[in-house]
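Hi everyone, thanks for making the time. I'd like to walk you through one model today, so let me put it on the screen.

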Amino acid sequence: QVQLVESGGGLVQTGDSLRLSCVASGRAFNTYAMGWFRQGPGKEREFVAAIRRLGSRTPYADFVKGRFTISRDNAENTVYLQMNSLKPEDTGVYYCAADVSPTSFSDSVYYRASRYDYWGQGTQVTVSS
């Protein structure tokens, strides 16, 4: 079992930055990959970024490349999402998720929400224009 708690969301203006955090508990943190997803108003949940259990690979959705950075601190059981140059279309609820399956060498498998076994409750990010 893995429990996940996100924090760091809020209301910001276009061009601002936010850093989201997700603290995990339960199973040893360095044994599973982590991902961030988001769900905008009236939209389906979509992949944002993922990070392997030791941070060796970090695939991103095309719409956040160069603006968002995912990282993890295995000593603190925490994964982060640094979000810069925020846009109104980044508005949504951001979820962290844990994937306890054996590591895959394919980045694309981490894009799928069905890959992940545990989810946090989400944190709201609102970007005003």
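Okay, start with Phe37. With a relative accessibility of 1%, Phe37 counts as buried. Keep in mind throughout that this is a predicted model. So what does Phe37 pair with? One partner is Phe47: the two rings sit edge-to-face, 5.7 Å centre to centre, with 75 degrees between the planes. Phe37 comes from strand 4, residues 33-39, and Phe47 from strand 5, residues 46-51, so this pair ties together parts that are 10 residues apart in sequence. Phe47 is buried too, at 8% relative accessible area.

Phe37 has another aromatic pair, with Tyr116. That one is also edge-to-face, at 5.2 Å between centres and 80 degrees between planes. Here the link is between distant parts of the chain: Phe37 is in strand 4, while Tyr116 is in the loop between strand 8 and strand 9, 79 residues away. And Tyr116? Buried, with a relative accessible area of 6%.

Let me zoom out a bit. Over the whole structure, the search turns up seven aromatic pairs. Phe37, Phe47 and Tyr116 belong to one aromatic cluster, together with Tyr95, Tyr111 and Trp119. There's a charged neighbour here as well: Arg45 lies over the face of Tyr95, 3.9 Å from the ring centre. Arg45 also lies over the face of Trp119, this time at 4.7 Å from the ring centre.

Next, the disulfide. How many does the structure hold? One. The cysteines are Cys22 and Cys96, and their sulfur atoms are 2.0 Å apart. Cys22 sits in strand 3, residues 18-26, and Cys96 in strand 8, residues 92-99, so the bond ties together parts that are 74 residues apart in sequence. For those who care about handedness, the torsion about the S-S bond is about 55 degrees, so the disulfide is right-handed. Are the two cysteines buried or exposed? Cys22 is at 0% relative accessibility, so it counts as buried, and Cys96, also at 0%, counts as buried.

Cys22 stands opposite Glu6, and strand 1 and strand 3 pair antiparallel over six bridges. What I like about strand 1 is its two faces. Val2, Leu4 and Glu6 make up the covered face, and Gln3, Val5 and Ser7 the uncovered one.

Five of its six residues are buried, so strand 7 is largely enclosed by the rest of the structure. Strand 7 pairs antiparallel with strand 3 over six bridges, and there the bridge partner of Leu18 is Met83. Strand 6, residues 68-73, also runs antiparallel to strand 7, joined by six bridges, and Phe68 stands opposite Met83. In the hairpin of strand 6 and strand 7 there are four residues between the strands, and Asn77 takes a positive phi near 55 degrees.

Met83 keeps coming up, so which residues have the most contacts inside the largest nonpolar core? They are Met34, Trp36, Leu81, Met83 and Tyr94, in a core of 36 residues. The elements giving two or more residues to this core are strands 1, 3, 4, 5, 6, 7, 8 and 10, where strand 10 is residues 123-128. Strand 5 gives the most, with five residues.

Last stop, Val64, in the loop between strand 5 and strand 6. At 0% relative accessibility, Val64 counts as buried. What does Val64 touch, leaving out residues up to four places away in sequence? Arg38 and Val48. Val64 and Met83 are 19 residues apart in sequence and 8.5 Å apart in space, C-alpha to C-alpha.

To wrap up, the items I'd keep in mind are the cluster of Phe37, Phe47, Tyr95, Tyr111, Tyr116 and Trp119, the disulfide of Cys22 and Cys96, and the 36-residue core. Happy to take questions.

Terms used:
Residues numbered from 1 in each chain as written. Predicted model: local features only at pLDDT ≥ 70, side-chain atom pairs only at ≥ 80, totals over all residues. Heavy atoms only, no water. Disulfide = S-S within 2.5 Å. Buried < 20%, exposed > 50% of the residue type's maximum accessible area, 1.4 Å probe, protein only. Pairing = 2+ DSSP bridges. Phe/Tyr/Trp six-rings, centres within 6.5 Å; stacked < 30°, edge-to-face > 60°. Lys NZ or Arg CZ within 6 Å of the ring centre and 35° of its normal. Contact = heavy atoms within 4.5 Å. Core = buried A, V, L, I, M, F, W, Y, C linked by side-chain atoms within 4.5 Å.
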